[in-house]
Amino acid sequence: MTTPEHDTPKGGTAGSTAGIDASEGQFSRREVLQLAGGAASLAAVRGAVAQAASPRTQEAATMARVELIINGEPWQLELDPRQSLLDVLRETLDLTGTKKGCNQGACGACTILLDGKRVTSCLTLAVMHDGAEVTTIEGLAKGEDLHPLQAAFIEHDAFQCGYCTPGQIVSGVACILEGHASSADEIRGWMSGNICRCGAYPGIVAAIADAATRS
Ligand code: FES
Ligand code: FES
């Protein structure tokens, strides 16, 4: 939380540095060289002030009421309107199955279903989806029974570290529902937004093709 000491850099005010007061107007040659040498640290102090300002801005944010149905369960939430859907799932609701990879829409690790359509949840604000239905990886199994694609991922050894896996599975479920899983090439094309740094692609494609025949 913001504390009063965040308002000014330690050891001085915005108008002075290193004990040299500009109002005196007279610098020795040595002092001028010291000032030039200290430019980098002055820039660092400015950076620290800018960072310190952001929690204050957060506190000032007006909270928004949002209703979501998440994995079939209704939620009424008071949210910072700047929270991404991914952060709400992971940090507010503790649904950490959805992963944060790049946090900029490039890796697909955060894929969820929003009203049945796959979406990268890091790129959309929760407040924009009042009343929407969200399905995460936690919502796919029925009790002890895995979703057919979850079972196929295990059978086809479709993961290594597993970090991309929730996003791959949720995206794969949508890929099948969309009718884009009729061939390995088609699956590769429609799953291209989901990156696997372990290179488990052959197993992922095989699992989706297999689950598509069972759906
Ligand atoms: S974390 Fe959302 S696309 Fe990478
Ligand atoms: S299984 Fe490791 S990134 Fe895909």
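**Entry 1: the sheet**

I started at Leu-114, which stands opposite Val-134 in strand 5. The model is predicted: local features need pLDDT of at least 70, side-chain atom pairs count only at pLDDT 80 or more, and totals for chains, interfaces and linings use all residues. Residues are numbered from 1 along each chain as its sequence is written, while chains are lettered from A and ligands numbered from 1 in the order in which they are written.

I noted the terms. Strands (E, at least two residues) and helices (H or I, at least four) are DSSP runs, numbered from the N terminus. Two strands pair if DSSP finds at least two bridges between them.

Strand 3 and strand 5 (residues 133-135) run antiparallel and are joined by two bridges. Strand 3 also pairs with strand 4 (residues 117-120), antiparallel, over four bridges. There I found Ile-112 with Val-119 of strand 4 as its bridge partner. The hairpin of these strands has two residues between them, and Asp-115 takes a positive phi near 50 degrees.

Next I looked up strand 1. Strand 1 pairs with strand 5 in the parallel sense, over two bridges. Ile-69 has Glu-133 of strand 5 as its bridge partner.

Five strands form an open sheet, ordered 2-1-5-3-4, with mixed pairing. Strand 2 (73-79) and strand 4 stand at the edges with a single partner strand each, so one side of each has no neighbour in the sheet.

**Entry 2: helix 4**

Which residues of helix 4 are buried? I listed Leu-149, Gln-150, Ala-152 and Phe-153. They cover an arc of only 160 degrees around the axis (taken from the directions from the helix axis to the C-beta atoms), which puts them on the same side of helix 4. A residue is buried if 20 or more other C-beta atoms lie within 10 Å of its own, exposed if 12 or fewer, and partly exposed in between, with C-beta atoms placed from the backbone.

Helix 5 and helix 7 are among what covers these residues. Just after helix 4, Asp-157 takes a positive phi of about 55 degrees.

**Entry 3: the core**

The core has 41 residues, and Leu-149, Cys-175, Ile-204, Ala-207 and Ile-208 have the most contacts inside it. Domain 2 (62-139) and domain 3 (144-215), with bounds from an automatic or database domain assignment, both give residues to this core, so it lies between them.

How values were computed
A nonpolar core is a set of buried Ala, Val, Leu, Ile, Met, Phe, Trp, Tyr and Cys residues joined through C-beta atoms within 7 Å. Two residues are in contact if their C-beta atoms, placed from the backbone, lie within 7 Å.
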